[in-house]
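Below are some notes for a colleague on the sheets, the helices packed on them and the aromatic contacts. They are meant to be read next to the model.

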Amino acid sequence: MDDHVSEAIARPDLIDLGAGLLCLRFESMKVASALAAVRHLLDTGAVRPGDTLMDSSSGIYAYGLALAAHRYGLRCHIIGSTTIDHPLRLQLAVLGATLEQMPPSDDLRLDQNRRVRRVKQVLREHPDYHWMRQYHDVIHGLGYRAVADQIRKEAGEGPLTLVGGVGSGASTGALARYLRESDPGTPLVGVQPFGSVTFGSDHVTDPQIIIAGIGSSIPFGNVDHTLYDTLHWTGFDAALAGSVDLLRRHAVFAGLSTGAAYLVARWEAAADPDRRVVFVAADTGHRYVDSVFARHEEARDVADLYPREIGGLKELSPPWCRMNWGRQPAPEQAVHRSD
């Protein structure tokens, strides 16, 4: 029996979708990350009950950190993206977290840069706040060891490939490290939107959106590029098709980054039928009801979609590209410099 709801939320479900696909379905993935990170900070004395935790978030990390703060008797202050919706704002308020939300903007690069500036300003005003640095502090990978153990236990023997969106780098990177302790050859396939600096697609624009949570306009210290074997870049329309097909075909209601990961996982599973492919479903689809699921009739048939194989970043263009990354280092623009 769990002592707090956060512990239940941190534990995902592993669902066999058939055809070599396994869906690692979280209600809210970063609860696992925030809970373990905060527990580590308390255990090491870096924070104490009653202290204030602060970070920037586009949504699901804010929820995870608020739950962890509630669990351990801490305060929580969020510098939130313009994408944080009304239901989450209300949950944060009732949980006791304070939220500073950026003004409306169609430019997620501007939104992210504003948040970074505001974090640094708040730290000058409140030097006693603990900045969680979800994008840069390796403690955010600690919570995924239990998840990797769950995958191995429930998936059983046999080779696996891991597919997931590359946001802060903590989830897919940590899962790959832990899975490789028992099978060093486990391939890691990252999913990125166009327009993200993380794997060098910042020179390509998606006319609709950088997919919230997995695209970035700034370098992240937690992304270890040398862990990734293959990269896929998907546009909004392709990710929408994946989200709609995942719900229609498998009844899994999940977010836009999951739709992109599902699309990629289908491709990777078909390309190597001797391996089962686990893809990360980071959150539910509730915040995408209007932007994605209300447009389900527009969704293309996923059977008609396929990636264009490229040999270098200069060849990137929507709607979907695939590249053998080969565990190479970060491109120059994605190298994180010290804060």
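1. Four strands make up an open sheet with parallel pairing, in the order β5-β4-β3-β6. Its edge strands are β5 (98–101) and β6, each of which pairs on one side only. Please keep in mind throughout that this is a predicted model.

2. Within this sheet, two bridges connect β3 and β6 in the parallel sense. Leu53 stands opposite His130 of β6. Helix α3 lies across β3 and β4 (75–80) and runs at about 170° to β3.

3. Helix α2 (residues 30–44) has 15 residues, which at 1.5 Å a residue should span 21 Å; the end C-alpha atoms are 21 Å apart, so the two values agree. Just after α2, Gly45 has a positive phi of about 80°.

4. Which residues of α2 are buried? They are Lys30, Val31, Ala32, Ser33, Ala34, Leu35, Ala36, Ala37, Val38 and Leu41. The elements that cover them include α1 (5–9), β3 (52–57), α3 (60–72), β6 (130–131) and α6 (144–155). Both β3 and β6 belong to the four-stranded sheet of point 1.

5. A second open sheet has eight strands, in the order β1-β2-β10-β7-β8-β9-β12-β11, and its pairing is mixed. The edges are β1 (13–18) and β11, each pairing on one side only. On average, neighbouring strands in this sheet are turned by 25° against each other, direction ignored.

6. At one end of that order, β1 and β2 (residues 21–25) run antiparallel and are joined by five bridges. Ile15 has Cys23 in β2 as its bridge partner.

7. Two helices on the eight-stranded sheet deserve a look. Helix α7 (residues 170–180) lies across β2, β7 (160–165), β8 and β10, and its direction is at about 165° to β7. Helix α9 lies across β2, β7, β8, β9, β10, β11 and β12, at about 175° to β10.

8. Now the aromatic rings. The model has six aromatic pairs. Phe199 and Trp325 form an edge-to-face pair, because their ring centres are 4.9 Å apart and their planes lie at 80°, where over 60 degrees counts as edge-to-face. This pair links distant parts of the chain, 126 residues apart: Phe199 is in the loop between β8 (188–193) and β9 (230–234), and Trp325 is in the segment after β12 (320–324).

9. Are Phe199 and Trp325 buried or exposed? Phe199 is buried, at a relative accessible area of 0%, and Trp325 is buried as well, at 3%. Ring pairs also bring in Tyr228, which forms a cluster with Phe199 and Trp325.

10. Phe253 and Phe293 make a tilted pair, because their planes are at 55° with ring centres 4.9 Å apart. Here too distant parts of the chain are linked, 40 residues apart: Phe253 sits in the loop between α8 (236–250) and α9 (256–271), Phe293 in the loop between β10 (276–281) and β11 (308–310). Phe253 is partly exposed, with a relative accessible area of 25%, whereas Phe293 is buried, with 11%.

11. Arg133 lies over the face of Trp131, at 5.5 Å from the ring centre.

Methods:
Residues are numbered from 1 along each chain as its sequence is written. This is a predicted model: local features need pLDDT of at least 70, side-chain atom pairs count only at pLDDT 80 or more; totals for chains, interfaces and linings use all residues. Side-chain values use heavy atoms; hydrogens and water are left out. Rings of Phe, Tyr and Trp (its six-membered ring) pair if their centres lie within 6.5 Å; planes under 30 degrees apart count as stacked, over 60 as edge-to-face and the rest as tilted. Buried means under 20% relative accessible area, exposed over 50%, partly exposed in between (1.4 Å probe, protein chains only). A charge sits over a ring if NZ of Lys or CZ of Arg is within 6 Å of the ring centre and within 35 degrees of the ring normal. Two strands pair if DSSP finds at least two bridges between them. Axes are lines fitted to C-alpha atoms, for helices over the stretch in contact, and angles run from 0 to 180 degrees between N-to-C directions. Contact means heavy atoms within 4.5 Å. The expected span of a helix is 1.5 Å times one less than its number of residues.
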